[in-house]
Amino acid sequence: MFKGFRKFLMHGDVITVAIGLVVALAFSTLVKAFTDSVINPLVAAAQPGSKIGLGWQLGEAGNKETFVDMGSFISAIVYFIVFMTVVYFVIVLPYKHIQARRGVTVFGDEPATKACPECLSADLPADARRCKHCASELPAAA
């Protein structure tokens, strides 16, 4: 039972989708902070005017609806960067290491390949001398 569950979790597509969801959740926090702290006050502003600092008051002094809060937005950017750094070092790097031990390349450049002129298989390493499918001799790598 647990062996099958582990195999399911280690399937490349599951990890890729999970990381995509984590990135989407972190990015949604960033977007929400931008809209709540920057866009909404600009729309709610009834009269021009500003104060310089980590935000600007666009309307009546003390009105939170017309305050462009750059501090919250900068905080969301920092949160996003820290969050993605943790995801990279806690999920991506260990997964890359495990998959490399299994001989699978993930989250990186695929190794260079070439095609066999006889059987047209395109999954041969660039420095291969014989085709693993039809055993024909391959031209030297350029």
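Y79 is partly exposed, with a relative accessible area of 40% (buried means under 20%, exposed over 50% and partly exposed in between, with a 1.4 Å probe and protein chains only). The structure is a predicted model, in which local features need pLDDT of at least 70 and side-chain atom pairs count only at pLDDT 80 or more, while totals for chains, interfaces and linings use all residues. Residues are numbered from 1 along each chain as its sequence is written, and side-chain values use heavy atoms, with hydrogens and water left out.

The protein contains three helices and four strands (DSSP runs numbered from the N terminus, H or I of at least four residues for helices and E of at least two for strands). Along the sequence, these elements follow the order α-α-β-β-α-β-β. Of the 142 residues in the protein, 20% are buried.

Helix α3 has 32 residues. From its first C-alpha to its last, α3 reaches 45 Å, close to the 46 Å expected at 1.5 Å a residue (1.5 Å times one less than the number of residues). A bend of about 35° occurs in α3 at Y88 (the angle between axes fitted to the seven residues ending there and the seven starting there). The buried residues of α3 are F73, A76, V87, V92, Y95 and Q99. After α3 comes G103, whose phi is positive, near 85°.

Three aromatic pairs are present in the structure (rings of Phe, Tyr and Trp, the last by its six-membered ring, with centres within 6.5 Å; stacked under 30 degrees between planes, edge-to-face over 60, tilted for the rest). One of them joins F27 and F80 in an edge-to-face arrangement, at 6.2 Å centre to centre and with 70° between the planes. This pair links distant parts of the chain, since F27 lies in helix α2 (residues 12–44) and F80 in helix α3 (residues 70–101), 53 residues apart. F27 is partly exposed, its relative accessible area being 45%. Another pair, formed by Y79 and F83, is stacked, with 5.6 Å between the centres and 25° between the planes. Both of these residues belong to helix α3 and are four residues apart, about one turn of the helix. An α-helix has 3.6 residues a turn, so residues three or four places apart point the same way. Like Y79, which has a relative accessible area of 40%, F83 is partly exposed, with a value of 28%.

Further separations were computed between C-alpha atoms. F27 and I77 are 50 residues apart along the chain, and their C-alpha atoms are separated by 9.2 Å. V22, which lies in helix α2, counts as partly exposed at 21% relative accessibility. From S37 to T66 the C-alpha distance is 9.3 Å, and the two residues are 29 residues apart in sequence. K132 is located in the segment after β4 (124–125) and counts as exposed at 56% relative accessibility. K132 and S121 are eleven residues apart along the chain, with 9.1 Å between their C-alpha atoms.

The largest pocket holds about 180 Å³ of space (an open set of points on a 1 Å grid over the protein atoms alone, where a 1.4 Å probe fits, with protein on both sides within 12 Å along at least five of seven lines; points are joined across faces, edges and corners, and the volume is the space filled by probe spheres set on them). Its lining consists of K3, R6, K7, M10, H11, I98 and R102 (residues with an atom within 4 Å of a point). Helix α1 (residues 2–10) supplies the largest share of this lining, four residues. By class, the lining has two nonpolar, one polar and four charged residues (Ala, Val, Leu, Ile, Met, Phe, Trp, Tyr, Cys and Pro count as nonpolar, Asp, Glu, Lys and Arg as charged, and the others, Gly among them, as polar).
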